[in-house]
Amino acid sequence: MPGVDDDALQRCADEPIAVPGAIQPHGALLAVTEPDLAVVVASADAADVLGTQPASLADVLAPADLDRLRTGLAGDLAELDPLRVTVAGAELDVVVHRADGLLVTEWEPLAGAEQAGAAWHRRLPRVLQRLSAAGTLEELTAALARDVRALTGFDRVMVYRFDPEWNGEVVAEDRRADLEPFLGLRYPAGDIPAQARALYATNWLRLIPDATYRPVPLEPATNPVTGRPLDLSAAVLRSVSPVHLEYLANMGVVSSMSVSLIDRGRLWGLVSCHSYSGPHRPSYADRVAAEFLGRTASLLLHTTVEAGEQGRVVAVAQRQAELVAALGRTPRAPAQALTGGTPTVLDLLPAAGSAVRLDGRLHLLGSTPPVDRVPGLVAALLAQGRLSTDALGSVVPAAADVADTASGLLAVEVGGGRGNFLAWFRPETPREVTWGGNPYTSTTVETGAGPRLSPRRSFTAWRETVRGTATPWRGHEVAAARALAAHLTGSVLQRATEDDRMAAALQRTLLLDALPEVPGVALAARYRPSAADVVGGDWYDLVPLPSGRLAIVLGDVAGHGLAAASVTAQLRHALRAHLLRDRGPAAALRGLGEVIAALLPGELATAVVAELDPRTGEVAIASAGHLPVLHATADGVRLLGEGRGPALGLLDEVHYAETRLRLAGPDRLLLYSDGLVERRDVPLPDRLDALCAAAAAGSEPDALLDDVLAALDPPDTDDVTLVGLGRT
């Protein structure tokens, strides 16, 4: 709250309003033990109200009344309230509840209480019928304000609704004709602190017959059972905060009453009643009737709000069904179904822009923040555990500069990983808000206990232009977004499962059932798939050439899943065709690069080809961005990095170089994929050094591959492929 001392705010939050140690003076309180009903705590005015200072309830109740009380205490206390008794010739209503191990009894004289009379109560069925017949929220709250005022006789009755930030707005009002209207005025959340709202959520009614009263202390000040002040949370007579009494005085209110409105367990608002000309105390029976009206209206809130929004709800549901149908027609192209047809995901909700992120690709529709900002804004909102906001700049301060497109943001995650989401954007909608007084003028006053809040003194309508906010998201809109995301999640996961199964089947067709038998050549291969069952882009091949040479190939296509497996199959067969021309590994890789440029633009792959002449041991090697081939000789182990060219798909036309060597008897060559040597926690050069240390000349290729796998122990997050060869 601007301009207010932090200590004062904390003192307000910590004020013990549930244990004030005092009551209001329009009745008396006796807290007694059971079953003897001995008085252990009493209000200081007990003798004045009851005509005696009782040591036990038996001192003030007639035997018949005492029997009725004991009978009622054995059952549901709600059935007992109020117990009408006569004490010292005066009629009183007694209400009871249990707290802190005691029976708390409150005694309120009938004398001085205003009563609506039997005529009003006979009309109660018609009043309830009026509430039930309301077709809109405006009709329901207007009828509630009118009937509560007719029942209780207050000068003004307002229905006050909380927004998500606990600011309040007067949405209905019935008042004395000469009073200034409050309808439409807003009040800041600080007018009703959180701890007060918590009491409103549990106690349906609170009455202050005379806001100028002097609190009546409880004696003793502490409950002898607990050693702490008596909990008065549920007490009808509980004294209220001095700050609230000052607030009422500044408004000119002499008497007030409130009835809580609770929608499905959450405090929705209040029926707030004011009198200005003097003290006013409706009878207990009339207050119970007012509470009954509030409870009835609370039960109707949800259905009435839904009825008022029925047209919008139906329209959103219809568009949601159409989008789900579009997804069903094109299950393999969900992004296209959501962004390329009619309706689009933007049409689902009233919004200026929308975003769809699937499979790592972002699609924008309408008016949105810049493409590079959208993922970060969505992630920042979701990281706070929120799906929506109509003031993104206040939730994510870094978003203040995109208020013109994204003051409102609704975002839902789509399962399947990779940061998939759906999002909708609403622009800033500057609006004029009329407050009941300037909400920024509350101040602090010094007291013996330290600074405390002092409420504003003027409640004259004060207008403010609010910026950085958008039209709030409605509950059915959030529900529709979540439902579409859930359906899309199921579709994505089902497609991913099918893709993985198809990719695995396709990849199995790319693996050799058995290595060819080539005279004079020892061959070995290992393929270990990812433990996550995600098919990668690794492949290897052994191609006998017309010249009698043998081409050994190992490649890796960027990506995973069905798409990568499909590209892998195409590249494997295209490379085979170029190798069979028998023009050498460099020419074959150049031809493969031309295939990618012409037929598979945007795809990337690495590959290494080694062509061995079994008769002479001559080897020619060409590499397109692949990891260096390992050459183990009797003199040591080295990595053949000479002549590496760029990866396939980076350039349209590349002339690759060849490295040539001769394999002696104990020499071995090892071709491998990046899954063998790449680890996030170890630099690549260190892993390559470990590879060289694990390899040794003379080992049979099978043993060489086993030794390397055991020594490097590659993580199972990626495919691992190795091919080893030597001369025999």
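Residues are numbered from 1 along each chain as its sequence is written. Because the model is predicted, local features need pLDDT of at least 70 and side-chain atom pairs count only at pLDDT 80 or more, while totals for chains, interfaces and linings use all residues, and side-chain values use heavy atoms, with hydrogens and water left out.

I begin with the cores. A nonpolar core here is a set of buried Ala, Val, Leu, Ile, Met, Phe, Trp, Tyr and Cys residues joined through side-chain atoms within 4.5 Å. Buried means under 20% relative accessible area, exposed means over 50%, and partly exposed lies in between, with a 1.4 Å probe and protein chains only. The largest nonpolar core has 30 residues, of which Leu144, Leu261, Val271 and Leu293 touch the most other members. The elements that give two or more residues to this core are α6, α7, β7, β12 (255-263), β13 (266-275) and α10 (284-308); helices (H or I, at least four residues) and strands (E, at least two) are DSSP runs, numbered from the N terminus. Helix α7 gives the most, with 7 residues. Leaving aside residues up to four places away in sequence, Leu293 touches Trp120, Leu124, Val127, Leu128, Leu131, Leu144, Asp147, Val148 and Leu151, where contact means heavy atoms within 4.5 Å. A second, separate core of 27 residues includes Ile192, Leu199, Tyr247 and Ile262.

I turn now to charged pairs. A salt bridge is a side-chain nitrogen of Lys or Arg within 4 Å of a carboxyl oxygen of Asp or Glu, and by this rule there are 29 salt bridges. Asp147, one of the contacts of Leu293, forms a salt bridge with Arg130, the closest N and O atoms being 2.6 Å apart. Asp147 lies in helix α7 (residues 137-152) and Arg130 in helix α6 (residues 124-133), so this pair ties together parts that are 17 residues apart in sequence. Asp147 is buried at 4% relative accessibility, whereas Arg130 is partly exposed at 37%.

Glu173 belongs to β8 (residues 168-175) and Arg156 to β7 (residues 156-162), so parts 17 residues apart in sequence are tied together. Arg156 is buried, at 2% relative accessibility. Finally, Glu108, Arg281 and Arg287 are linked in a network of salt bridges.

What is the volume of the second largest cavity? A cavity is a set of points on a 1 Å grid over the protein atoms alone where a 1.4 Å probe fits but cannot get out, and its lining residues have an atom within 4 Å of a point. With grid points joined across faces, edges and corners, and volume taken as the space filled by probe spheres set on the points, the second largest cavity comes to about 60 Å³. Strand β27 (residues 618-624) gives the most to its lining, with 3 residues. Among the lining residues are Val608, Ile621, Leu640 and Glu642.

I close with the backbone. A cis peptide bond joins Glu219 and Pro220, with omega about -5°, and Pro220 lies in the loop between β11 (216-219) and α9 (242-251). Leu37, although not a glycine, has a positive phi of about 60°, and this residue is buried, with a relative accessible area of 2%. Asp713 likewise has a positive phi, of about 40°, but is exposed, with a relative accessible area of 51%.

Notes:
1 Å grid on protein atoms, 1.4 Å probe; cavity = no way out; pocket = protein on both sides within 12 Å on 5 of 7 lines; lining within 4 Å.
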